[in-house]
Amino acid sequence: MPTAPDLYAVMGNPVAHSKSPQIHALFAAQTGQNLEYRAILVEPGQFATAARDFRAAGGKGLNITVPFKQDAWVFADILSARAERAGAVNTLIFDRSGVRGDNTDGLGLVRDLTVNHGYALSGRRILLLGAGGAARGVLQPLLLEKPEQVVIANRTAEKALELSMRFSDLGRVSGRGFAELVGRQFDLIIHATAAGLDHQAPQLPDEMLASGGWCYDLMYGDQPTAFMRWGQAQGAAQVMDGLGMLVEQAAQSFQLWRGVWPETQPVIAALRPR
Ligand code: ATR
């Protein structure tokens with residue numbers, strides 16, 4: 001008799017648009033893993049209850065998306081060092097030792113840039129736009145690549161400053177408001193604000209992108225995002241959306257759960273709208 005598949009899910013609100021079920025189904029088919037992966041809509045304030053119920057029903061692990069990554073951080077019994085510092089968890093692993101929490105977002109971004117796009121981060125001047133959960137999740141892996149510096153810029157300057165101080169032992173990192181970027185130049189600008197949810201880009205000064213500079217949006221969609229259009233207008237040598245990062249962070253989660261590495265390139269290609 002065939003054994004029942006192991007159960008995983010992504011929890012978020014909204015969650016219907018999530019590509020994670022498709023990504024993990026492709027990984028499972030590719031690696032011969034017997035698992036089922038669902039998308040579960042969770043009401044605000046209900047994360048811990050939903051996660052507990054899922055585990056009680058035999059669930060082996062979860063991905064967590066907006067707006068529950070901080071709730072998942074609180075829910076975990078044991079945190080990886082990078083999740084601990086990020087203050088956000090995107091992967092929960094349920095096993096005999098308890099509930100383990102990790103954050104694979106930053107590694108997903110770094111792998112997409114360095115492996116898929118062949119872009120070395122060491123020695124680069126990086127501008128990270130935004131100081132919320134998305135920005136926090138990627139800072140440690142970015143700094144570990146030894147860029148020349150990371151400047152965090154945010155609509156609310158104090159939040160950028162505060163965030164930079166939490167990571168200052170890992171490299172050269174500072175925080176400021178958008179207006180204080182005038183006259184500065186960056187090799188790579190990463191967009192991690194929530195403005196894209198309203199199809200907007202932050203109000204940014206012109207001429208910040210160095211010649212040959214790249215722009216990366218953590219968001220993705222079937223059409224170029226507002227920030228990607230801004231990057232194109234600024235003469236970026238390359239503009240990228242976050243689809244590759246999404247698949248790479250999923251691959252890291254899959255490896256944590258199943259102990260095997262899926263190939264990401266065919267999955268990115270399958271998801272890319274033609
Ligand atoms: P997320 O987890 O997506 O990062 P969040 O933690 O609520 O969500 O943070 C939202 C981020 O997007 C913040 O950096 C926010 O700036 P403020 O700290 O000034 O609020 C930023 N943001 C949201 N809407 C924005 C807009 N229209 N223009 C610029 N920044 C915006």
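The model is predicted, so local features need pLDDT of at least 70 and side-chain atom pairs pLDDT 80 or more, while totals for chains, interfaces and linings use all residues. Residues are numbered from 1 along each chain as its sequence is written, and side-chain values use heavy atoms, without hydrogens and water.

Colleague: How much space lies in the largest cavity?

Modeller: A cavity is a set of points on a 1 Å grid over the protein atoms alone where a 1.4 Å probe fits but cannot get out. Points are joined across faces, edges and corners, and the volume is the space filled by probe spheres set on them. The structure holds one cavity of 30 Å³ or more. The space in the largest cavity is about 50 Å³.

Colleague: Which element gives the most residues to the lining of the largest cavity?

Modeller: Lining residues have an atom within 4 Å of a cavity point, and here they are Arg82, Ala86, Asn103, Gly106, Arg136, Gly137, Leu139, Gln140 and Pro141. Two elements give two or more residues each, namely helix H4 (81–86) and helix H6 (133–144). Helices (H or I, at least four residues) and strands (E, at least two) are DSSP runs, numbered from the N terminus. With five residues, the element that gives the most to this lining is H6.

Colleague: Is Asn103, a residue of that lining, buried or exposed?

Modeller: Asn103 sits in the loop between strand S6 (98–102) and H5. With a 1.4 Å probe and protein chains only, buried means under 20% relative accessible area, exposed over 50%, and partly exposed in between. The relative accessible area of Asn103 is 2%, so Asn103 is buried.

Colleague: At what distance does the side chain of Asn103 reach the backbone nitrogen of Asp105?

Modeller: A polar contact is a pair of N or O atoms within 3.5 Å, one able to donate a hydrogen and the other to accept it; residues adjacent in sequence count only if both atoms are side-chain atoms. The backbone nitrogen of Asp105 is reached at 3.0 Å.

Colleague: Which backbone oxygen does the side chain of Arg136 reach?

Modeller: Arg136 lies in helix H6 and is buried because its relative accessible area is 13%. Counting contacts as heavy atoms within 4.5 Å, Arg136 touches Gln70, Ala86, Gly87, Leu163, Arg166 and Phe167, with residues up to four places away in sequence left out. At 2.6 Å, the side chain of Arg136 reaches the backbone oxygen of Ala86.

Colleague: How far apart in space are Arg136 and Tyr216?

Modeller: In sequence, Arg136 and Tyr216 are 80 residues apart. From C-alpha to C-alpha, their separation in space is 16 Å.

Colleague: What is the relative accessibility of His24?

Modeller: His24 is part of helix H1 (residues 20–31). Beyond its neighbours within four places in sequence, His24 is in contact with Leu35, Tyr37, Asn63, Ala250, Phe254 and Trp257. His24 counts as buried because its relative accessibility is 0%.

Colleague: Which residue does a cis peptide bond join to Pro14?

Modeller: Pro14 is in the loop between strand S1 (6–12) and H1. Omega of the bond is about 5°, and the residue joined to Pro14 is Asn13.

Colleague: What is omega for the peptide bond from Val66 to Pro67?

Modeller: Pro67 lies in the loop between strand S3 (61–64) and helix H3 (69–75). The bond from Val66 is cis, with omega near 5°.

Colleague: What is phi of Glu207?

Modeller: Glu207 belongs to the loop between S10 and S11. Its relative accessibility is 65%, so Glu207 counts as exposed. Glu207 is not a glycine, yet its phi is positive, near 65°.

Colleague: Is Lys146 buried or exposed?

Modeller: Lys146 is in the loop between H6 and S8. Its phi is positive, about 60°, although Lys146 is not a glycine. The relative accessible area of Lys146 is 56%, so Lys146 is exposed.

Definitions and conventions:
1 Å grid on protein atoms, 1.4 Å probe; cavity = no way out; pocket = protein on both sides within 12 Å on 5 of 7 lines; lining within 4 Å.
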